[in-house]
Amino acid sequence: MTENILIKNMTFKYLAMLKPIFKNVNLNINENWKLGLIGRNGRGKTTFLKILLNQLEYKGSIQSTLDFKYFPSYPNIHNNLTALEVLLKQNPQIDIWQIERELTYMDLSHDILDKSFNVLSGGEQTKLLLIELFLNENSFPLIDEPTNNLDLHGRKIVSQYLMKKKGFIVISHDESFLNQFVDHVLAINKESIDMIRGNVDTWKYEKANADMLSEEKNAKLKTEINRLNDVSKQMSTWGQKRENSTKDASARRLAAKQMKRAKAVKKRTEVMIVEKESLLHNIENVSELKMIVKQPRKQVLFFRDFSILRDGIPLFKPINIDVHPTERFFIEGENGVGKSTLLNFILGVEHLETIGEYRISLPQHLSILSQKNQVDLDYFSLLNQLSTKEAKEEYWHLLYQLGIERSSFSDKSSDNWSAGEQKKVFLANALLGENELFIWDEVTNYLDMFVINQMIDAIKKYQPTMIGVDHNEYFTNAIATKKIELKSF
Ligand SMILES: Nc1ncnc2c1ncn2[C@@H]1O[C@H](COP(=O)(O)OP(=O)(O)OP(=O)(O)O)[C@@H](O)[C@H]1O
Ligand SMILES: [Mg+2]
């Protein structure tokens, strides 16, 4: 017998908020679904999972006997467990052959089990934590953004892995990832929640139709409303005139009746306007993102038969690169091949031994975005670093363009902001002022598809020179003018 997660009239609001995040939500989720949970940054996806986990107080009811488990929950770093110990901790009864089978599915070598979990790469840790969740057949995984530490190959492997499983909810902003395996989509929209059968493409198609329909309906309605308004105005002036100009009692009564009708029509149209306007609100508005771009004067990168040496051994097969002004160059390759090392070398952060020839000429004004959000910097501390009023206003304006509500600007800390909202702080910082070269490492992590599209549009418009690493194929395909794949030596 299959179980359902039955959500009835669920309402939830964080204390500090004026409006609830969820209002009278009713949903019926089947335990066998592969459910993709999508929605813009800050809409409440992570909150929804926390509600299922019973970590937040909500109104209404949720019926389910499933044992929900959240990803990511990292083991305590101080326990220094091996990968095997991490897997066994939650699943002590499991046979080693079952673990090895899952490792094979995840394209992980079996000797990873003896390694300390702490030293593993982000991608390897992600894969192991997912295996841990699915080894326990009684648990129902709630997976929050698994792709952030995964390269393209890793994303493919994990999507194939999830295809084999059933009964889970997964949040992701990477549509091509979700489209590989989900069979249902739960979308948190601006004013509503959609549940559909199919994948993100199916949802987008249906949403576009619904948006168009409501816009069309709206346009029709507006014309209709204008006409009715004219009529009712005409009627009332005409009725008024008649009422005033005649002494005849029955004519006056008729005029008064017409007047009443006109008023009723007016009232009805007003109600209709309000109803339809609320529908229109459900359409996402994305403002244009502005970049202030200056081109570097010289060729930025020149590499010939170049590689970086680690203990005398090349990290990756020798490469040839030329990056000229207006070019956007992306470095690809599997986790651990040396993409970030190369970026750091270009930035001159690390002095490293090299082979081959190279010339690096960095312009003065650089926009640098590192892969990880810096933990010691948040919205408010960045704001305080800005010395002029203009710079502060520009920073707020950028955050606003990126979709952060103005009411958040009074926050003294962004500790409670959602993952994407925190990322936007760093993106806004990287967009401040005039820049000649943009060096961006994994800018798309945590950001929703509207922001990614917003960036694509801005980059196409302002044509910045860029050196980047990014695992979001949709993004790099749209903006890269050059790509190189680093291959391990
Ligand atoms: N403890 C909290 N107190 C107050 N507000 C909070 C708290 N936690 C989250 N929020 C706010 O609630 C909203 C929803 O947050 P949530 O983390 O659920 O978003 P999300 O959909 O997961 O976004 P993202 O895609 O960026 O991860 C955000 O506006 C966030 O700033
Ligand atoms: Mg989240």
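Of the contacts in the chain with a separation of 6 or more, 73% join residues 24 or more positions apart; two residues count as in contact if their C-beta atoms, placed from the backbone, lie within 7 Å. The model is predicted, so local features need pLDDT of at least 70 and side-chain atom pairs count only at pLDDT 80 or more, while totals for chains, interfaces and linings use all residues. Residues are numbered from 1 along each chain as its sequence is written, and chains are lettered from A and ligands numbered from 1 in the order in which they are written.

The C-alpha trace spans about 110 × 65 × 40 Å along its principal axes. The chain holds 14 helices and 20 strands, taken as DSSP runs (H or I, at least four residues, for helices; E, at least two, for strands) and numbered from the N terminus. Of its 489 residues, 31% are buried. Here a residue is buried with 20 or more other C-beta atoms within 10 Å of its own, exposed with 12 or fewer, and partly exposed in between, C-beta atoms being placed from the backbone.

The largest nonpolar core has 49 residues; such a core is a set of buried Ala, Val, Leu, Ile, Met, Phe, Trp, Tyr and Cys residues joined through C-beta atoms within 7 Å. Touching the most other members are Leu35, Leu37, Leu130, Ile143, Ile169, Val170 and Val185. Helix α4 (residues 122-135) gives this core its largest share, 6 residues. Beyond its neighbours within four places in sequence, Ile169 contacts Leu35, Leu37, Leu142 and Ile143. A second, separate core of 41 residues has Ile308, Leu343, Phe426 and Val443 among its members.

Met163 sits in helix α5 (residues 152-164). With 13 other C-beta atoms within 10 Å, Met163 is partly exposed. Setting aside residues up to four places away in sequence, Met163 touches Gln180 and Phe181. Met163 and Lys34 are 129 residues apart in sequence, yet 8.1 Å apart in space, C-alpha to C-alpha.

Now to the ligand. Around ligand 1 there are 19 residues, of which Lys45, Thr46, Thr47, Ser418 and Gly420 come nearest; a residue is near a molecule if its C-beta atom, placed from the backbone, lies within 6 Å of it. Helices α1 (45-52) and α12 (419-431) each supply at least two residues of this shell. Because domain 1 (4-189) and domain 3 (292-485) both contribute to the shell, ligand 1 lies between them; the domain bounds come from an automatic or database domain assignment.
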